[in-house]
Amino acid sequence: MKYMFTYDLMESARNTNEWLGATARAMASYPAFAMSMNPMLPMMAAWGEVTERTFSRMIAKPDWGIRSIVGPDGQDHLVDVNQVVEKPFGNLIQFFVRRRPPMARKVLLVAPMSGHYATLLRSTVASLLPDADVFVTDWHNARDIPVSAGKFDVEDYTLYLAEFMKFMGPETHVIAVCQPVPLTLAATAYLAGQDPDAQPRSMTLIGGPVDPDAAATEVTDFGRRITMGQLEHLAIQRVGFQHKGAGRLVYPGLLQLQSFITMNAERHGKAFSEQIFRVSRGESSDHDAHNRFYDEYLAVMDMTAEFYLSTVERIFKNREIATNSFVVAGKTVDMGAITKVAVMTVEGANDDISAPGQCVAALNLLTGLPDAKKAQHLEPGAGHYGIFAGKSWRLNIRPLVLNFIDANSGGASGKKAKIALASSQ
């Protein structure tokens, strides 16, 4: 079958590198070799350890690892991850905090489906849990979804989001991060036209490409240069026989990882070189800073071919969201139909994935929304990762988001938040 051999060849290369790393580590650690006092043996063992871990993590779905949080009473509260809506291509999960009554804030965190698992937002979830009931979209690896489940493109993704919002109810506050920002906007507009009462109270859109042409990046330049035929020929493969989704056309996660690494090859190369030296000196640990970051960064998932190709064609090339011409299930979605959902955009001044201007463009599309319900924030010095999981998120953006949620919650808490926001301006 076309491209299936390529998929298996790529997996074989990954598997071989993992095996080489394990072999080098085992051989260089053989007790008898220690008598030689050869300084290259610890380096060989260190190289093997880092290489084995690096390539083994590429096919493993990380665990959320959020076991408990400290409540206002000073006691630990255990956290359960419950599936509340199950769908073929992704579930809605809830981080249920035991022995805690429902919180005033109910947050739907829309995770990207751009090559990484939803666990990329682990620190974001952990930071929100003490102050809100948190639900997350948990997208599935396309290689594990049988062909019989059908297709999944940007329209299906949008309908999934609309269904999740309806399930959670109108008291929901949505936070979308990166890739799903334009489709979250479209899902809300779709609800505004089909079921207005199901719309969330607020949306916070963080670093997403609503209008890719608003500011050029390597991502947008690539989208302009390549044709759809070239992209399909170069990027799309069929899942190999060892997976449940055998035969499904996908954009492999390993290819996406290669593009991620290439964008900052020098920085990643330096990070791995330094880690090998740390391991050889006995200065590393299982959960040191390097391993914490790369255990997540290297864990990639396949996307369905139709989702990847329709994202490039309809969001980046044709700019259907930016031009307010997006169609879902045969119906044109009008962003101007959003008239009561408060919207805030957040951008990082140094974001090289979704540059400043791409996300804030959403506010211009909301022609039916009063200016009092619009807000925007540009975080100085922040890159793409920092605006939702790094220092900028922890110190500056998270408090702004919670205040924005409270200001648009209605009732006494919302009034108090609006007074607090007004007094700070």
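How do the residues of the lining of the second largest cavity divide into nonpolar, polar and charged? In this predicted model, the lining of that cavity is made up of two nonpolar, two polar and three charged residues. The residues concerned are Pro212, Asp213, Thr220, Gly223, Arg224, Phe316 and Lys317, and the space they line amounts to about 30 Å³.

**Cavities and a pocket**

The structure holds two cavities of 30 Å³ or more, and the largest cavity has a space of about 110 Å³. Its lining consists of Tyr7, Met10, Glu11, Met58, Ile59, Arg143, His243, Pro252, Gly253, Leu254, Val300 and Asp302. At least two residues of this lining come from each of helix H1 (4-28) and helix H8 (253-263), and H1 gives the most, with three residues. By residue class, the lining of the largest cavity divides into seven nonpolar, two polar and three charged residues.

The second largest pocket contains about 650 Å³ of space and is lined by 27 residues, of which Arg122, Asn291, Arg292, Phe293 and Glu296 lie nearest its centre. The elements that give two or more residues to the lining of this pocket are helix H3 (122-128), helix H10 (289-297) and helix H13 (391-407), and H10 provides the largest share, seven residues. The table sets the three spaces side by side.

| Space | Volume | Lining by class |
|---|---|---|
| Second largest pocket | about 650 Å³ | 10 nonpolar, six polar, 11 charged |
| Largest cavity | about 110 Å³ | seven nonpolar, two polar, three charged |
| Second largest cavity | about 30 Å³ | two nonpolar, two polar, three charged |

**Two loop residues**

Ile59, which is among the residues lining the largest cavity, is found in the loop between helix H2 (40-56) and strand S1 (68-70). With a relative accessible area of 32%, Ile59 is partly exposed, because that class covers the values between 20% and 50%. Leaving aside residues up to four places away in sequence, Ile59 touches Glu11, Arg14 and Arg143, and of these Glu11 and Arg143 are also listed in the lining of the largest cavity. The C-alpha atoms of Ile59 and Ala246 are separated by 16 Å, while the two residues are 187 residues apart along the chain.

Gly410 has its place in the loop between H13 and helix H14 (411-424), and H13 is one of the helices that contribute to the lining of the second largest pocket. Gly410 is likewise partly exposed, with a relative accessible area of 36%. Between Gly410 and Val107 there are 15 Å from C-alpha to C-alpha, although they stand 303 residues apart in sequence.

Strand S5 (residues 133-139) is mostly covered, as seven of its seven residues are buried. Asp133, Phe135, Thr137 and Trp139 point one way from the strand, whereas Val134, Val136 and Asp138 point the other way, and all are buried.

With strand S3 (residues 90-97), S5 pairs in the antiparallel sense over six bridges, and here Asn91 has Asp138 of S5 as its bridge partner. Strand S4 (residues 106-110) and S5, by contrast, run parallel and are joined by four bridges, with Leu109 standing opposite Val136 in S5. From S4 the chain crosses through H3 to S5, and this β-α-β crossover is right-handed.

Technical notes: Residues are numbered from 1 along each chain as its sequence is written. This is a predicted model: local features need pLDDT of at least 70, side-chain atom pairs count only at pLDDT 80 or more; totals for chains, interfaces and linings use all residues. Side-chain values use heavy atoms; hydrogens and water are left out. On a 1 Å grid over the protein atoms alone, a cavity is a set of points where a 1.4 Å probe fits but cannot get out, and a pocket is an open set with protein on both sides within 12 Å along at least five of seven lines; lining residues have an atom within 4 Å of a point. Grid points are joined across faces, edges and corners, and a volume is the space filled by probe spheres set on the points. Ala, Val, Leu, Ile, Met, Phe, Trp, Tyr, Cys and Pro count as nonpolar, Asp, Glu, Lys and Arg as charged, and the others, Gly among them, as polar. Buried means under 20% relative accessible area, exposed over 50%, partly exposed in between (1.4 Å probe, protein chains only). Contact means heavy atoms within 4.5 Å. Two strands pair if DSSP finds at least two bridges between them. A crossover is right-handed if, with the strands pointing away from the viewer, the path from the first strand over the helix to the second runs clockwise.
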